[in-house]
Amino acid sequence: MDDLLARDTTLRPVPLVPEIALHTADDVISLWEHTGTTDPPFWAFPWAGGQALARHVLDHPATTAGRRVLDLACGSGLVAIAAARTGAHVTANDVDPLATTATTRNAAANAVDLTVLTGDLLDTDPDTDVVLAGDVFYDRDMAARVLPFLLRAHTRGATVLVGDPQRAHLPRDRFTEVAVFQVPVSRDLEGRDVRTTTVWRPR
């Protein structure tokens, strides 16, 4: 992993959240080939949903400050790092060990402390004050698993916030709009330079 980060990524500021720098892929195709996995390197880019959610958290620090926060499907750790910057006690979780390794490296680069957890939490009952989820409705199967988890957390009294750049599988009738951002994104990944991205909370 250290070789991948050194060879194929550069530590650079996040476009919508320049206070935070991430090890970001220089060439997505080259990095994907080097990982040898079937899934793209979600952990090597600041995706639109995560950027919007991180921006919202930093702009409204009382949302997370001093609270127990879970960054679900953390990817690069962007949202977790933003929450930690507000003084939250953050657990960053992903099923991909490359993602949690990247999150650990990115946290160190930004001088924040996180608890980083590799594994699938979606069949559990979340015991936390805040759940943050950036860009988790990107396909039907993921949406079907993540929605019940988020709604269980909401029912148990947690603050739940989702960052979503108009993905097809977000059930908008189950959520209320909190904020909207115009997020700079990679044309190689998104086929455009900017995505309108909304922060949502369950109804």
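How many helices and strands are there in the protein? I began with this count, bearing in mind that I was looking at a predicted model, and I noted seven helices and nine strands.

**Overall form.** I next looked up the extent of the C-alpha trace, which spans about 45 × 35 × 30 Å along the principal axes of the protein. The radius of gyration is 15 Å, and I set this beside the value near 17 Å that a compact globule of 203 residues would have, so I wrote down that the two agree.

**Contacts and cover.** Among contacts with a separation of 6 or more, I found that 63% join residues 24 or more positions apart. I then turned to burial, where 52% of the 203 residues count as buried.

For the charged side chains I noted 19 positive and 27 negative, with the centres of the two sets lying 7 Å apart.

**Helix H4.** Is helix H4, residues 78–85, mostly covered or mostly uncovered? I recorded it as mostly covered, since seven of its eight residues are buried, and these are Leu78, Val79, Ala80, Ile81, Ala82, Ala83 and Ala84. I then looked up what covers these buried residues, and the list includes strands S2 (21–25), S3 (68–72), S4 (89–94) and S6 (130–134), together with helices H3 (48–59) and H5 (97–109). Lastly I followed the chain past H4 to Gly87, whose phi is positive, near 95°.

Notes. Residues numbered from 1 in each chain as written. Predicted model: local features only at pLDDT ≥ 70, side-chain atom pairs only at ≥ 80, totals over all residues. Heavy atoms only, no water. Helix = DSSP H or I, 4+ residues; strand = E, 2+ residues; numbered from the N terminus. Rg over C-alpha atoms; globule rule 2.2 N^0.38 Å. Buried < 20%, exposed > 50% of the residue type's maximum accessible area, 1.4 Å probe, protein only. Contact = heavy atoms within 4.5 Å. Lys, Arg positive; Asp, Glu negative; His and termini not counted. Charge placed at Lys NZ, Arg CZ, Asp CG, Glu CD.
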